[in-house]
Amino acid sequence: MIEIATEPWETMVRHAELTYPNECCGAMLGRLNGGSKLVKEAIPMENAYAGEQAARYELRPEDLLEADHQARARGLDLIGIFHSHPDCDAYFSTTDLKNSCPWYSFVVLSIQNGKFNHANSFLPDVDQTAAEREELKWPKF
Amino acid sequence: MAKILIPTALRQFTEQSDSVDVTGATVREALDQLTVRYPNIKKNLFNDQGKLRSFVNVYVNDEDIRYLDKDGTKLTGSETISIVPSVAGGATAVADTAPALSNEEVARYSRHLILPEVGMEGQTKLKRASVVMIGAGGLGAPLGLYLAAAGVGRIGIVDFDVVDASNLQRQVIHGTSDIGRKKLDSAGDRMRDINPNIRVDKFDAGLTSENALEILRDYDIVVDGTDNFATRYLVNDACAILKKPNVYGSIFRFEGQASVLTYQDGPCYRCLYPEPPPPGLVPSCAEGGVLGILPGIIGVIQATEAAKIILGIGTPLKGRLLLYDALEMRFRELKLRRNPECPVCGDHPTITKLIDYQEFCGMPPMNAEPAPTGDAIDAIELKRKLDRGDNFVLIDVREPHEYQIARIPGARLIPLGELPKHLRELDLNGEYVMQCKSGARSQRAVDLLKQNGFKNVVNMTGGILAWSDKVDPSVPKY
């Protein structure tokens with residue numbers, strides 16, 4: 001299970017809505033607590049994909065390295081990656097799977113007509129052949 | 001001693017340590033030490049072949065080892081080694097995502113699949129690829145047939161024309177029953193019949209400076225099968241701007257050319273021909289004729305080059321112009337170099353957006369006022385003049401072999417090329433009507449006579465084709 005606190009959740013939704021109609025991306029910092037994860041901070045990042053960004057994203061490894069440094073400095077862990085699917089459901093696409101990494105939770109936010117609609121979290125396997133759904137909790141207003 | 005920082009998710013394998021000290025002269029040795037000490041971490045970093053997994057990036061201090069010496073990067077012992085994942089993705093449309101081949105496709109592509117150079121990987125590349133063909137005519141016919149059969153997943157066709165009887169001698173994608181249909185529909189049906197697994201995108205338009213970038217942007221490869229210079233320069237410039245490979249082919253009578261342009265660092269059409277020829281100098285297939293089999297060879301060469309680019313095999317026809325002569329049955333090759341001064345693909349391009357290609361090729365703009373009609377008569381007016389027995393001479397400026405196909409009774413044959421030496425036989429004060437197949441060559445004949453002092457010369461608009469349409473349907477159209 002992964003739970004996202006109010007402040008990082010608002011950061012993620014705002015970043016996704018502002019980047020619409022393109023895909024946004026970023027990292028999530030937090031703590032592992034036994035089997036569950038708590039996200040305490042979200043870091044919006046620039047989509048570094050070189051082509052059309054309406055249906056593609058790419059994170060710069062340098063940005064992830066920097067996020068990892070920040071997490072360590074604050075006593076947190078880099079525990080997840082988030083990105084958005086504009087006008088599209090929050091599923092884990094083949095493109096997502098083939099470019100994933102099994103070490104993190106992957107939270108996908110569905111943005112419909114520029115507004116947040118729903119979200120899901122996934123845990124990809126090491127061979128990039130399948131992703132398991134992970135229970136996701138976000139603050140409801 | 002160098003230090004490896006362990007990402008959170010991997011700490012379960014390192015007894016929760018967030019960093020591990022290692023010795024070792026290279027990155028590879030340091031990582032080996034880590035996996036020897038904590039064997040369970042190995043599967044997360046290396047695949048079954050012992051190679052770093054595709055999502056693993058290794059940084060020494062702040063440098064990616066891909067840009068140093070890869071895993072042979074030397075360590076002195078004071079470095080911090082970070083393991084950073086590469087992450088990407090996207091909500092790509094379902095149809096575009098890694099398509100597995102169905103059993104039907106495996107059977108269909110069997111002869112490709114057993115070629116090691118193609119195989120499942122190559123066939124999947126073909127299925128994922130997109131190619132747009134400009135024109136569904138002579139070159140487009142073999143191209144469309146073979147690209148569809150080979151399994152290119154998405155094929156765009158740009159064409160606004162309708163199938164005419166005179167197309168069937170060479171445009172083998174269309175049949176007799178297609179006469180009068182849009183070439184887009186006729187070609188699309190035939191391609192989908194050959195291979196129902198492909199998608200055909202139809203653009204019912206001529207390619208223009210306004211729509212070219214929008215249409216071509218969506219495809220991996222552009223194949224130019226156009227028959228005129230304005231569109232050829234337009235396709236070239238659009239491909240140079242979009243940085244897309246342009247598989248070029250052209251045909252004339254018994255000769256053809258092919259090359260791969262604007263591909264990687266290779267040259268473009270303007271590096272070969274900076275300027276178009278003056279209008280009228282190079283006749284089109286409709287004016288000059290073409291051996292029907294010729295576009296078969298050139299179009300298939302274009303299809304081969306497109307497939308090679310998709311598969312990434314062999315040596316592309318880049319930087320080379322292939323010349324084919326059907327009568328001598330001979331291929332020759334010229335070396336082409338990118339011109340650093342080229343206005344579109346050079347080091348300092350001056351053309352960075354599309355221009356007016358009609359004007360560039362010296363042709364009147366599409367919406368220009370028609371030429372004044374005072375110096376022209378049409379087929380019906382000509383018939384009246386003949387019936388009245390007016391005192392004038394009708395001169396047919398076509399070639400003798402055209403004259404054998406069809407003629408207007410009473411016309412005197414003087415081919416345009418021979419007209420200058422016959423001027424002395426004509427009467428400066430006589431009345432002349434010039435006629436050809438469609439009215440273009442005869443207009444040049446009118447101009448020639450006027451420049452030589454003839455006052456009373458007019459052009460017959462529409463040529464013998466209009467004569468057949470409006471006066472005598474028994475005269476065959478060719």
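## Two helices of chain B

In this predicted model, α6(B) passes α7(B) in a crossing that is right-handed. Helix α6 of chain B covers residues 140–150 and helix α7 of chain B covers residues 183–194, and their axes come within 8 Å of one another while crossing at roughly 30 degrees. Because angles under 35 degrees count as roughly parallel, α6(B) is roughly parallel to α7(B).

The contact is made by G140(B), G144(B), L145(B), A148(B) and A149(B) on the side of α6(B), which meet A187(B), M191(B) and I194(B) of α7(B). Sorted by class, the residues of this contact between α6(B) and α7(B) comprise six nonpolar and two polar ones, with no charged residue.

## The open sheet of chain B

Chain B holds an open sheet of five strands in the order β2-β1-β5-β3-β4, and the pairing within this sheet is mixed. The edges are taken by β2 (19–22) and β4 (63–64) of chain B, each of which has a single partner strand, so that one side of each is left without a neighbour in the sheet.

From chain A comes helix α2 (residues 61–73), which touches β3, β4 and β5 of chain B and whose direction makes about 115 degrees with that of β5(B). From chain B itself comes helix α1 (residues 27–37), which touches β1 (2–5), β2, β3 and β5 of chain B, its direction making about 120 degrees with that of β2(B).

## Where the chains meet

The contact between the chains draws 22 residues from chain B and 31 residues from chain A. On the side of chain B that touches chain A, the elements giving two or more residues are α2 (42–45), β3 (56–60), β5 (80–85) and β6 (88–89) of chain B, and the most is given by β5(B), with three residues. The class composition of this side of chain B is eleven nonpolar, nine polar and two charged residues.

## A covered strand in chain A

Strand β5 of chain A, residues 77–86, is mostly covered, with ten of its ten residues buried. Six bridges join β5(A) to strand β2 (residues 25–33) of chain A in an antiparallel arrangement, where G80(A) in β5(A) is the bridge partner of M28(A). With strand β6 (residues 105–112) of chain A, β5(A) pairs in the parallel sense over seven bridges, and H83(A) has V108(A) in β6(A) as its bridge partner.

F203(B) lies in strand β9 of chain B, which covers residues 199–203.

When neighbours within four places in sequence are left aside, F203(B) is in contact with G156(B), I157(B), V158(B) and I215(B). The C-alpha atom of F203(B) is also separated by 9.6 Å from that of I134(B), a residue 69 residues apart from F203(B) along the chain.

Conventions:
Residues are numbered from 1 along each chain as its sequence is written. Chains are lettered from A and ligands numbered from 1 in the order in which they are written. This is a predicted model: local features need pLDDT of at least 70, side-chain atom pairs count only at pLDDT 80 or more; totals for chains, interfaces and linings use all residues. Two residues are in contact if their C-beta atoms, placed from the backbone, lie within 7 Å. Helices (H or I, at least four residues) and strands (E, at least two) are DSSP runs, numbered from the N terminus. Ala, Val, Leu, Ile, Met, Phe, Trp, Tyr, Cys and Pro count as nonpolar, Asp, Glu, Lys and Arg as charged, and the others, Gly among them, as polar. Two strands pair if DSSP finds at least two bridges between them. Axes are lines fitted to C-alpha atoms, for helices over the stretch in contact, and angles run from 0 to 180 degrees between N-to-C directions. Angles under 35 degrees count as roughly parallel, over 145 as roughly antiparallel, 65 to 115 as roughly perpendicular and the rest as oblique. A crossing is left-handed if the near helix is turned anticlockwise from the far one by less than a right angle, and right-handed if clockwise. A residue is buried if 20 or more other C-beta atoms lie within 10 Å of its own, exposed if 12 or fewer, and partly exposed in between; C-beta atoms are placed from the backbone.
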